[in-house]
Amino acid sequence: MPVTVLTPAVEQRMKAYHAMSLRAKSLAADAPPKPTITITREFGCEAFPVAEELLKLCEKKSGEQWVLVDKTLLDAVAREHHISEDIFQSLGQKPRWLDEMLATLSPNWKTESAYYQLLCKEVVSIAMAGNAVIVGLGAPIITLLLKNCYHFRLFAEREFKVRSIARRMNIPKQEADIMVEEKQKERDRIIRKLLDADEHNPFYYHMIFNNGKVRNHQIAKAISDFVLK
């Protein structure tokens, strides 16, 4: 996903990403895992505003640096891959079962691009390193076997999603209404095709929030209180 008004700028997050990679290098193999939080949403819900507030709360509660991860960030990392392969490898220790697990996620897996395989491996590696908030990317499905991960989802009535997109992108409501419909169908199709799964399945998540009824800061506080008990 390109950087838009819907996603936070990537430059500052790249600094946090590299700092996390250095920390992961220095961790002892038997160090207790740090938590990772995944957030998925119906298109039009305000996952990034929630994630940004959540990041601040988690850093304040833990006294440690956290990183906000999405496809925009991983795309930026991929663009500098020629100078950062060591960073890719340092984000946690990939277990031997990782490739086998990814290969069994979907019958279509081996026909898909090497880029998506790389992306999924990075999601798992980041999740294993901990102190991360991962937005989208099918993360709750990809990291299903990781016990340090906590999964949350946002949903809302269509009217809320349309108003939110129209306001944040400064477009007419009619255009936002079409976008909400089309983008959600596209997202569902991609997850089904690549991961053979349905992100709407409530059993993936620790909590599900109605974004139209609960304010962003309340959602962020509930998640941080739950994860950082």
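Let's begin with a pair of helices: α8 and α9 cross in a right-handed sense. By that I mean that the near helix is turned clockwise from the far one by less than a right angle, anticlockwise being left-handed. Helices here are DSSP runs of H or I with at least four residues, strands are E runs of at least two, and both are numbered from the N terminus.

Some housekeeping before I go on. This is a predicted model, where local features need pLDDT of at least 70 and side-chain atom pairs count only at pLDDT 80 or more, while totals for chains, interfaces and linings use all residues. Residues are numbered from 1 along each chain as its sequence is written, and side-chain values use heavy atoms, leaving out hydrogens and water.

Back to our pair. How do α8 and α9 pack? Helix α8, residues 158–169, makes an angle of about 115 degrees with α9, and the axes are 8 Å apart. The axes are lines fitted to C-alpha atoms over the stretch in contact, with angles from 0 to 180 degrees between N-to-C directions. On the α8 side, the residues that meet α9 include Val-162, Ile-165 and Met-169, and among their partners are Ala-176, Met-179 and Val-180. Contact means heavy atoms within 4.5 Å. By class, there are seven nonpolar, seven charged and no polar residues. Here Ala, Val, Leu, Ile, Met, Phe, Trp, Tyr, Cys and Pro are nonpolar, Asp, Glu, Lys and Arg are charged, and the others, Gly among them, are polar.

Now α9 itself. Its 23 residues, 173–195, should span 33 Å at 1.5 Å a residue, and the end C-alpha atoms are 32 Å apart, which agrees. That expected span is 1.5 Å times one less than the number of residues. Buried residues of α9 include Met-179, Val-180, Arg-187 and Asp-188; buried means under 20% relative accessible area, exposed over 50%, and partly exposed in between, with a 1.4 Å probe and protein chains only.

Zooming out, the protein has ten helices and five strands, and 52% of its 229 residues are buried.

So what sits in the middle? The largest nonpolar core has 29 residues, and Val-69, Leu-74, Val-123 and Ile-134 have the most contacts inside it. A core is a set of buried Ala, Val, Leu, Ile, Met, Phe, Trp, Tyr and Cys residues joined through side-chain atoms within 4.5 Å. Helix α6 gives the largest share, six residues. Beyond its neighbours within four places in sequence, Val-123 touches Leu-74, Ile-134, Leu-137, Ala-139, Ile-142 and Thr-143. A second, separate core of 24 residues includes Leu-54, Val-135, Tyr-150 and Phe-160.

Leu-137 deserves a stop. It lies in the loop between β3 and α7, is buried at 15% relative accessible area, and has a positive phi near 65 degrees. Its C-alpha is 6.6 Å from that of Lys-71, 66 residues away along the chain. Lys-71, in α3, is partly exposed at 31%.

Asn-131, in the loop between α6 and β3, also has a positive phi, near 55 degrees, and is buried at 2%.
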